[in-house]
Amino acid sequence: MSNLYVDLEAPNGRKWSQPTGLFINNEFVPSSNGKLLESIDPATESKIAEVHAASAEDVDKAVQAAKAALVHDSWKNLPGTDRGILMSKLADLIEDNKELLATIDAWDNGKPYTVAMTDDLPEAIGTIRYYSGWADKISGQTISTTSAKFAYTLRQPIGVIGQIIPWNYPLSMAAWKLGPALACGNTVVLKAAEQTPLSILVLGTLIKKAGFPPGVVNFINGYGQEAGATLVQHPLVDKVAFTGSTATASQIMKSAAATLKNITLETGGKSPLLVFDDCDIEQAIKWSHLGIMSNQGQICTATSRIFVQDTIYESFVEKFKAQIQEVSKVGDQWDESTYQGPQVTKAQYDRILSYIDIGVSEGATVLTGGKRHGDGKGFFIQPTVFTNVKDSMRVFKEEIFGPVVTISSFESEDAVIRRANDSPYGLGASVFTKDLERAHRVAVEIEAGMVWVNSSQDCDFRIPFGGVKQSGVGRELGEAGLEAYTQTKAVHINMGNKL
Ligand code: TXE
């Protein structure tokens, strides 16, 4: 069993014993076929550790554990208040270990350590804590019909939930999925992304320490086509909650259809950001830069298509370039002055560089960036801005998922809304204006699940998150997130009519 833990020391000097097994029934176990997957530091391209990769047989074991836990007295009959207490303990434990967890996500994913500490960890802790408060506040209704009859509704857990998360925010994605599922009394098998397997296993140790009964939460690492697909197809899985690419979401929807599984999908985007000439330009620059360049541009809601009113286009472009030069310092995860770390993997890095080549060959102008950053190791890319972009170009239409943005100009509100909406995606949208009426008008007309007025990327566990069109199905976070994890049962009561 010795290969179920490995001693690690991160470049920031933090040391810990890293679990490497599959977390099933509150224990770390090896994969049945001995298959492993590698975690790589994207800044140095060197191996951090190897962890066990789940086979179909392992996925089945995890699902069986979750199924048994679902009906076990220790979970099924645990009052909501006590579920909330367990979740609150988990949030406290994550908080107690936040430096360790931020270190792991920074090392594994490449995001700056300071960002993991100030964004990812508070979001993960806050989300679990927020949903711990909901655990004893989920109730049905009483509905009167006639004097002799009435009905009440029960909001019951959906059952065993298969959750599949991506690599861009490993811990907060796990928290978004676990929080509402557990608050509602479900049990979970969560598959982490193969690119970022480590923090989720440490979270397993905290699940056990918090006192969750065995089988309530199971974590499996593994590849999408094998572990992910098996989880989606498993007949005992009642719901699949997924965050990742639109292409994979479409496959998941197809295979979930075989057993009519409930699904929630959060997928890709090409979110527009509209800058009107009456806006506060300094604010527009600050947020439009953050909206695409933070998290290495690996944000599903990245505002990657900037539209600027023609009257201020030239000055916006100049200021945006200056903002990149001033703020977007590219470097490794551990340097406190780093704004942008390496891209998560070689595959993502290659994909982004190939999109930059596509943009150039389509005739767009590279205003700044356009190449890899540095000449040593690591998946570093210069923040890149395209101007002279046509709406028909692939760099304008397709999700690049990196620090690459297009800036186009527009003349009228109607025309820019039409162009912004001319996309298969509909995740986020930003509008910069001081005209209150226009802000509300655009918020209504834009096809998106979330609209930011004079801002970009606001995200809060109290507020619903999700997309329209090919950006997703259903909502996460906030009270809306609970809808996704309960089913309503109607109980009809007859108190008078004996016939
Ligand atoms: O995504 P995948 P990838 C977008 C972004 C990125 C592209 C590819 O554009 O460049 O997707 O990234 C699991 N059945 N986003 O390849 O494949 C997989 O193991 C079940 C946007 O990483 O969607 C991982 O856990 N599961 C996004 C998860 O799905 C499967 C974040 C995501 O992987 C599976 C990430 C299958 N057949 C990428 N195939 C966002 N919305 O934030 C893969 N998986």
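This is a predicted model: local features need pLDDT of at least 70, side-chain atom pairs count only at pLDDT 80 or more; totals for chains, interfaces and linings use all residues.
**Cavities, cores and strands**

The largest cavity holds about 70 Å³ of space. In total, the structure has two cavities of 30 Å³ or more. Empty space shows up when a probe the size of a water molecule is rolled over the atoms.

Start with the lining of the largest cavity. It consists of 13 residues. Nearest the centre are Ala302, Ser304, Glu399, Ile400 and Phe401. By class, the lining of this largest cavity has seven nonpolar residues, four polar ones and two charged ones.

Now turn to the second largest cavity. Its volume is about 50 Å³. Its lining also comes to 13 residues, and Pro272, Arg305, Tyr425, Gly426 and Glu447 are the closest to its centre. Here the classes split into five nonpolar, five polar and three charged residues.

The largest nonpolar core has 98 residues. Within this core, the residues with the most contacts are Leu203, Phe212, Val275, Phe316 and Phe320. Helix 5, residues 113–134, gives the most to this core, with 10 residues. Take Phe316 as a way in. Leaving out residues up to four places away in sequence, Phe316 touches Val275, Ile281, Ala284, Ile285, Ser288, Ile306, Val308 and Ile407. One of these partners, Val275, is itself listed with the most contacts inside the core. Another core lies apart from the largest one. That core has 28 residues, including Phe307, Val395, Ala420 and Val431.

Strand 18 covers residues 404–410. Why is strand 18 largely enclosed by the rest of the structure? Six of its seven residues are buried, so the rest of the structure encloses it for the most part. Buried here means under 20% relative accessible area.

Which strands pair with strand 18? Strand 15, residues 305–309, runs parallel to strand 18 and is joined to it by five bridges. In this pairing, Val308 stands opposite Ser409 of strand 18. Strand 17, residues 384–387, also runs parallel to strand 18, with three bridges between them. Val385 has Val405 of strand 18 as its bridge partner.

Strand 11, residues 217–220, is covered on both faces. Val217 and Phe219 are buried on one side. Asn218 and Ile220 are buried on the other. Strand 11 pairs with strand 10, residues 187–191, in the parallel sense over four bridges. Across this pairing, Leu190 stands opposite Phe219.

Finally, look at open space. The second largest pocket has a volume of about 330 Å³. How many residues line this second largest pocket? There are 18, with Lys76, Gln156, Pro157, Cys184 and Gly185 nearest the centre. Helix 1 (56–71), helix 2 (73–76) and strand 8 (149–157) each supply at least two lining residues. Strand 8 makes the largest share of this lining, with three residues. The pocket lining divides into nine nonpolar, four polar and five charged residues.

Technical notes
Residues are numbered from 1 along each chain as its sequence is written. Side-chain values use heavy atoms; hydrogens and water are left out. On a 1 Å grid over the protein atoms alone, a cavity is a set of points where a 1.4 Å probe fits but cannot get out, and a pocket is an open set with protein on both sides within 12 Å along at least five of seven lines; lining residues have an atom within 4 Å of a point. Grid points are joined across faces, edges and corners, and a volume is the space filled by probe spheres set on the points. Ala, Val, Leu, Ile, Met, Phe, Trp, Tyr, Cys and Pro count as nonpolar, Asp, Glu, Lys and Arg as charged, and the others, Gly among them, as polar. A nonpolar core is a set of buried Ala, Val, Leu, Ile, Met, Phe, Trp, Tyr and Cys residues joined through side-chain atoms within 4.5 Å. Buried means under 20% relative accessible area, exposed over 50%, partly exposed in between (1.4 Å probe, protein chains only). Contact means heavy atoms within 4.5 Å. Two strands pair if DSSP finds at least two bridges between them.
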